[in-house]
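Open your viewer and get ready to select residues one by one. Each stop says what to pick and what is there.

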Amino acid sequence: MIPLSTKMRPDRLEGFVGQRHFMREGSLFYNSIKNGTFESAIFFGPSGTGKTTLARIIAGELDGSFVEINASTTGTKELKEILKNASDRFNGLLRETTVLYVDEVHRWNKLQQDSLLKAIEEGIVKFIGSTTENPYFSINNAILSRVRNIYEFKRLEAEDILTILIRTLKDNEKGFGGLNIRYDQEALTILARMSGGDCRVALDALGFIVDNLAEGSIIDREIVSEAMQKQTTFYDKSEDKYNLLSALQKSVRGSDPDAAIHYLARLIHGGADEMMIGRRLMVMAAEDIGMAYPSAISIVTSCVQAAQMIGFPEAQIPLAQATVLLASCPKSNRANEALKAAFADIKSKKIDDVPPHLMDAHYGGAAKLGRGLEYKYPHAYGGYVTQQYLPDNLYAEGVRYYEPSENGSEGAFKKYLEELRRIDSENS
């Protein structure tokens, strides 16, 4: 039996869902396919995000010969035969270029990858290679230099997968439109979220459900839970995920790693994707940890990027690392509070202009206008020199927005700033 995920592959660009950061009507990528100017490319990203589907659509749009192979099952001998046939078509009367799609191209060794070089360079083939691994590490530089573009496929948003699921249930030709399947849209939304951005997982789960659905039954949350072998308790209501995200952040802010891990586990178990969780973790690193441990934002961002690259279930490991780090390190929101105070002044006060010595002086006539004439370059004074930076009225008021705490690294910043203010006081 053909899997539902295979049957439901769209045949035309208009039916392709997702990857809107490069594949949308009017984009250069879209136009290159419609105009027949598409050149060799590499698609990389997680499984179930549309790499093979898009390659097949491109081949159909270009209306040429199409050869699809998998690098894990195709050796050098078979590849040479394919390239010979492509060369014969290219050098024949029709001058036909072959679209060669190589799935899992990272599995080929350097010699096998290099076999493609001449064919790509001479235009005998338009090569599309797909890989789940970073091509800058897994594909030879010689291939990369001959490929016009590398397109990163991202995990599908739950909304995109939901669109595909509903389309499948209504499609009379390929899907289940003729069966009049009844469904709860919330249940399909849960299925979409639980699929981890992998459309193949979602469609094949839907196929399993429909094939084994009792007569008169409706696709509801319980059936989705049974099919996915995951509990859906925490997403009974649409707002539950936001309650869990809120509890996660407040547990981190309260320096309770045990509670934070608990809510992280509930989010993952409930079907939250890695970017939903990751975005909140990055906000925490800036909002709640801030200057008390400035490296937190870099570390957490790296953890979130790693989670996005490897996908679930392994994505939970870097997400757990980021969560424990944030809950266990010193906290400060003073940078955020400083920004809020500055915004408040901008909204409520008439603020004087930028002081003339701080204005841009990199243009002709600036000196005649008095721009930048009295500016003191701090590096010329050993790194610091007493000088006015705030607008006149705020300076006269002695306004201070940033009041550092004693927590973590911020304690050292506080001592440094206090020393600078002592110097200013002596020089005033």
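Predicted model: local features only at pLDDT ≥ 70, side-chain atom pairs only at ≥ 80, totals over all residues.

Setting aside neighbours within four places in sequence, L165 is in contact (heavy atoms within 4.5 Å) with L188, L191, A192, A202, L203 and L206.

Now widen the view. L165 belongs to the largest nonpolar core, which has 31 residues. Such a core is a set of buried Ala, Val, Leu, Ile, Met, Phe, Trp, Tyr and Cys residues joined through side-chain atoms within 4.5 Å. Buried means under 20% relative accessible area, exposed over 50%, and partly exposed in between (1.4 Å probe, protein chains only). Colour L165, L169, L206, I219 and V224: these touch the most other members. Helices α9 (158–170), α10 (185–194), α11 (199–211) and α12 (221–228) each supply at least two residues of this core. Helices here are DSSP runs (H or I, at least four residues), numbered from the N terminus. Apart from this core lies another, of 27 residues, including L264, M276, A307 and L319.

Next, the backbone. Most residues other than glycine have a negative phi, and most peptide bonds are trans.

- Pick Q19, in the loop between α1 (4–7) and α2 (28–34). Its phi is positive, about 55°. Q19 is buried, at 4% relative accessible area.
- Pick S255, between α13 (240–253) and α14 (257–269). Its phi is also positive, near 60°. S255 is partly exposed, at 40%.
- Pick F312 and P313: a cis peptide bond joins them, with omega about 10°. P313 lies in the loop between α16 (296–310) and α17 (316–328).

Residues are numbered from 1 along each chain as its sequence is written. Local features need pLDDT of at least 70, side-chain atom pairs count only at pLDDT 80 or more, totals for chains, interfaces and linings use all residues, and side-chain values use heavy atoms, leaving out hydrogens and water.
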